[in-house]
Amino acid sequence: MPITSTSCSAPNTGTFWQVTPNDWNDRQSAWKTGIGWLRRPRKSDRMFLNNLAQDREKINNARNRLNNVDSSLTQSSRLLNSMYRRVIQNKVLMFIIGVIIVLIIVLALYGMLK
């Protein structure tokens, strides 16, 4: 026997209400049709949902912090790479200047001895 509106009472208990079948057959058909027992949430349910909300907030905050750290690390990596490039350029430039100075000294000594 399917549940009809006459077989359920809906007391004025807010937004949640409880299905109250009249007999065992109505109760079984309620479970089979997926209606089941709707009940007012208990204090433990509300605490569980509050804990879930707090955990979600903590996870979102941690994700935001990780994104900030990731962007900072990316920026730092770019800065270090540009500094390393400059170090290499300066070493090459110093080598070229050293070779030029040595060539000038060698040419000056050759010109003095000639």
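Helices (H or I, at least four residues) and strands (E, at least two) are taken here as DSSP runs, numbered from the N terminus. On that basis the chain of this predicted model has two helices and zero strands, and helix 2 covers residues 43–113, Ile96 being one of the residues in it. Residues are numbered from 1 along each chain as its sequence is written, and side-chain values use heavy atoms, with hydrogens and water left out. Because the model is predicted, local features need pLDDT of at least 70 and side-chain atom pairs count only at pLDDT 80 or more, whereas totals for chains, interfaces and linings use all residues.

The chain exposes about 10,300 Å², of which carbon and sulfur atoms supply 63%; such areas come from the Shrake-Rupley method with a 1.4 Å probe, and for residues only the protein chains shown count as cover. Of its 114 residues, 7% count as buried, where buried means under 20% relative accessible area, exposed over 50%, and partly exposed in between.

| Residue | Relative accessible area | Class |
|---|---|---|
| Ser82 | 17% | buried |
| Ile96 | 42% | partly exposed |

The side chain of Ser82 has a polar atom 2.7 Å from the backbone oxygen of Leu79.

Ile96 also belongs to a nonpolar surface patch with Tyr84, Ile88, Val92, Phe95, Val99, Ile100, Leu103 and Ile104, with about 890 Å² of accessible area together.

Finally, among contacts (heavy atoms within 4.5 Å) between residues at least 6 apart in sequence, 27% join residues at least 24 apart.

Technical notes:
Patch = residues over 30% accessible without salt bridge, like charges linked within 9 Å, V, L, I, M, F, W, Y side chains within 5 Å. Salt bridge = Lys/Arg side-chain N within 4 Å of Asp/Glu carboxyl O. Buried < 20%, exposed > 50% of the residue type's maximum accessible area, 1.4 Å probe, protein only. Polar contact = N/O pair within 3.5 Å; in protein donor to acceptor, adjacent residues only side chain to side chain.
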